[in-house]
Amino acid sequence: MRAKDVLGKSGEQAAAEYLEASGLRILDRNWRCADGEIDIVAVERHALVVCEVKSRSGMRYGSPLEAVSRAKRARLRRLAILWLNAHGVRFDQVRIDVVGLVYEGTGGFTIEHIRGVG
Amino acid sequence: MALARTYSVALIGITGHVVEVEADIANGLPAMIMVGLPDTALREARDRIRAAIVNSGEKWPPHKITVGLSPASLPKRGSWFDLSIAVGILAAAGQVPRAALDGAMFFGELGLDGRLRPVRGVLPAVAAAAERGFRRVMVAEANAAEAALVPDVQVVAASTLAAALDWLCGTPGLRGGRPAAECKGRDLLGEILPDGPDTSDQAVPASSRRGLPGTAAPVTAAAPDLAELLGQSLARRGAEVCAAGGHHLSLLGPPGAGKTMLAERIPTILPKLDRAAALEVTSIHSVAGTLPEQVPLLTDPPFLAPHHTATKAAIVGGGSGIIRPGSASLAHRGVLFLDEAPEFARDVLDALRQPLEAGEVVVARSGVTARFPARFTLILAANPCPCARAAGPAEGCSCSPAMRRRYLGRISGPLLDRVDVKIELEPVGRTELLNDRNFAESSRAVALRVLQARERAAHRLRGTPWRLNAEVPGSELRRTWPPAPGSLRVVERSLERGQISARGVVKVIRVAWTVADLAGRPRPTRDDCAMALGLWLGVRR
């Protein structure tokens with residue numbers, strides 16, 4: 001595994017723990033289909049949360065949150081529908097969240113969770 | 001999450017409108033959205049400001065930033081909101097204390113490296129800010145002297161965004177670079193300008209006063225002088241009348257007779273601008289970007305001589321995007337000289353009729369109407385025929401009368417009807433040149449007479465909005481200031497004969513007042529009216 005994939009993997013793990021700690025119930029992780037991958041699928045109250053996790057090793061190239069472009073958000077919306085169809089379930093609300101993580105050394109991350117980005 | 005407010009000014013013409021810049025930082029993916037009718041240059045501010053903030057060593061807030069410019073319906077153009085937006089964002093992010101923004105205005109374009117660049121139109125903008133109760137403005141260093149012309153406003157000059165932030169945070173020198181400093185306006189206005197027209201040193205002609213105290217004076221050795229125009233005593237007299245009363249002048253004559261020479265010497269007999277006029281003229285030139293950098297106050301009446309290929313937009317103002325003043329406005333309170341007037345496009349000449357009548361130019365665009373003052377003295381110069389050889393019978397001009405008529409016909413009747421003094425210059429012979437040497441007065445002597453005549457008119461017109469005889473409306477003229485009884489008989493006879501229109505009569509009375517003012521008479525006499533009529537009709541010798 002390449003260094004960036006290691007970072008991504010541990011970032012996703014940290015994000016999942018963070019989300020569970022903040023009261024979300026995780027349904028699915030790394031769900032793949034022909035159109036792409038959803039990092040984390042979770043439930044908060046009555047809402048389905050499709051969550052994109054973005055990890056960075058530093059702020060040299062800007063905040064990880066900035067890397068979630070308009071096109072990426074559109075893809076996440078599409079993937080959310082695909083996930084719902086694939087599992088045959090319905091939710092009152094579907095939401096896209098982004099979790100940005102910046103590696104701070106010694107295994108720790110600063111975590112920022114933005115709800116409802118589009 | 002956080003909201004901060006700063007203020008700037010949007011200029012429409014030379015009128016400033018206060019614009020509130022709100023910066024809101026909210027949770028969300030990092031982005032910056034700008035609302036409130038920005039144009040392209042302003043929309044690009046997003047990238048400029050971000051680079052400037054980061055390169056000044058500040059943190060760019062990684063959140064969703066919304067910048068609103070209100071009133072939202074007013075179109076905002078240009079790059080000079082950069083500083084106010086940058087400061088607003090940093091204040092919203094808590095990097096600048098909000099209290100430092102109270103009652104302050106910000107003008108300036110940011111470079112990507114955080115440098116603060118000067119912008120055009122600072123004087124009218126600061127004046128508008130002062131009018132609305134703002135007591136502090138922050139500008140680029142190159143704009144500071146101009147901003148300091150406005151009284152009762154603290155001007156802070158900064159060279160970079162970092163210096164500006166240091167000043168606002170009260171930590172001078174912390175972020176490096178030359179610290180921002182308060183610019184004490186050398187009270188240019190008080191120093192060199194009298195309040196009203198009653199100061200003795202005004203008698204010095206404008207040309208020899210170019211050098212201001214404390215600045216490197218340009219060489220004035222070869223300053224033009226009215227006395228050089230030998231053999232044209234009537235033309236010199238006409239120029240004097242026009243300078244004294246603000247009347248429009250047309251000069252007709254063969255090449256070499258001295259039309260251009262005369263027109264170029266008219267600024268030397270005009271008195272200096274007074275305080276209000278100087279600020280007005282400087283404001284217009286500030287918007288046009290034609291101010292000298294060192295001494296940003298124009299005190300001499302402007303002299304504009306556009307080339308005859310000039311377009312309508314160049315003369316009356318316009319242009320795409322930002323509406324710029326044209327030559328007519330730049331010549332406000334001065335002289336607009338159209339050399340070779342028949343060569344100008346007809347629509348350009350006719351576009352001048354409105355400013356001649358109203359004293360201002362109105363440029364209408366979708367959403368905005370810009371007004372520029374344009375109260376200038378028009379001077380037209382023309383050759384009598386297209387071949388320009390009609391100097392005398394020996395010269396062999398082959399133009400037919402029809403050709404000549406057509407040539408001069410390019411200056412439309414309605415335009416010529418607004419010209420009060422028409423002078424026909426004859427070619428000068430050798431004897432006249434030699435003889436006139438003893439009679440030609442220097443610009444200095446004539447300027448003194450012009451100044452005294454203007455003072456007399458201003459004294460008579462005190463309490464009215466007008467200062468020059470040419471500005472007084474006809475109705476007011478006939479009611480309040482009629483010439484001496486019986487003195488108008490010669491003018492009335494002309495009217496009966498159809499030589500002159502009713503409007504012409506009013507124009508003649510105005511010029512007659514100026515002639516009387518120049519001679520120091522309390523009211524125009526019969527001779528003054530006859531002289532004015534002669535000037536109006538264009539005396540043929």
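These legends go with close-up views of a predicted model.

Residues count from 1 along each chain as its sequence is written, while chains are lettered from A and ligands numbered from 1 in the order in which they are written. As this is a predicted model, local features need pLDDT of at least 70 and side-chain atom pairs count only at pLDDT 80 or more, whereas totals for chains, interfaces and linings use all residues.

**View 1. Chain B as a whole.** Here's the overall picture before zooming in. The C-alpha atoms of chain B fill a box of roughly 85 × 45 × 45 Å along the principal axes. Chain B has 22 helices and 17 strands; helices (H or I, at least four residues) and strands (E, at least two) are DSSP runs, numbered from the N terminus. Of its 541 residues, 46% count as buried. For burial, the count is of other C-beta atoms, placed from the backbone, within 10 Å of a residue's own: 20 or more is buried, 12 or fewer is exposed, and in between is partly exposed. Among contacts in chain B between residues at least 6 apart in sequence, 73% join residues at least 24 apart; a contact here is two C-beta atoms, placed from the backbone, within 7 Å.

View 2. Chain B is split into domain 1 (2-185) and domain 2 (200-537), with bounds from an automatic or database domain assignment. Their C-alpha centres lie 43 Å apart. The contact takes 18 residues from domain 1 of chain B and 19 residues from domain 2 of chain B. On the domain 1 side, β1 (2-12), α4 (122-131) and α5 (141-147) of chain B each supply at least two residues. That side of domain 1 divides into ten nonpolar, four polar and four charged residues. For these classes, Ala, Val, Leu, Ile, Met, Phe, Trp, Tyr, Cys and Pro are nonpolar, Asp, Glu, Lys and Arg are charged, and the others, Gly among them, are polar.

**View 3. Helix α10 of chain B, wrapped up by its surroundings.** Eleven of the 14 residues of α10(B) are buried, so this helix is largely enclosed by the rest of the structure. Among the buried residues are B:A277, B:L279, B:E280, B:I284 and B:H285. What do they pack against? The buried residues of α10(B) pack against β1, α4, α5, α12 (327-330) and β15 (369-373) of chain B.

**View 4. α8 crossing α21 in chain B.** Two packed helices are described by the angle between their axes and the distance between the axes. The axes of α8 (residues 233-245) and α21 (residues 502-519) of chain B come within 9 Å and cross at roughly 100°. Axes are lines fitted to C-alpha atoms, for helices over the stretch in contact, with angles from 0 to 180 degrees between N-to-C directions. That makes α8(B) roughly perpendicular to α21(B), a label for angles of 65 to 115 degrees. From α8(B), B:E240, B:V241, B:A244 and B:G245 make the contact, meeting B:R510, B:V511, B:T514, B:V515, B:D517 and B:L518 of α21(B). These residues divide into five nonpolar, two polar and three charged.

View 5. A cis peptide bond joins B:S70 and B:P71, with omega about 5°. B:P71 sits in the loop between β4 (64-70) and α3 (82-92) of chain B. Over at B:R333, phi is positive, about 65°, although this residue is not a glycine. B:R333 lies in the loop between α12 and β13 (335-338) of chain B. Is B:R333 buried or exposed? B:R333 is buried, with 23 other C-beta atoms within 10 Å.

View 6. A:N30 is in strand β1 (residues 25-33) of chain A and has a positive phi of about 50°, although it is not a glycine. With 12 C-beta neighbours inside 10 Å, A:N30 counts as exposed. A:I26 lies in strand β1 of chain A too, and is partly exposed, with 15 other C-beta atoms within 10 Å. A:I26 and A:A16 are ten residues apart in sequence and 7.6 Å apart in space, C-alpha to C-alpha. Leaving aside neighbours within four places in sequence, A:I26 is in contact with A:A16, A:L19, A:E20, A:I40 and A:A42. Between the chains, the contact takes five residues from chain B and seven residues from chain A. The chain B side divides into three nonpolar, two polar and no charged residues.

Note on methods. Parallel < 35°, antiparallel > 145°, perpendicular 65-115°, else oblique.
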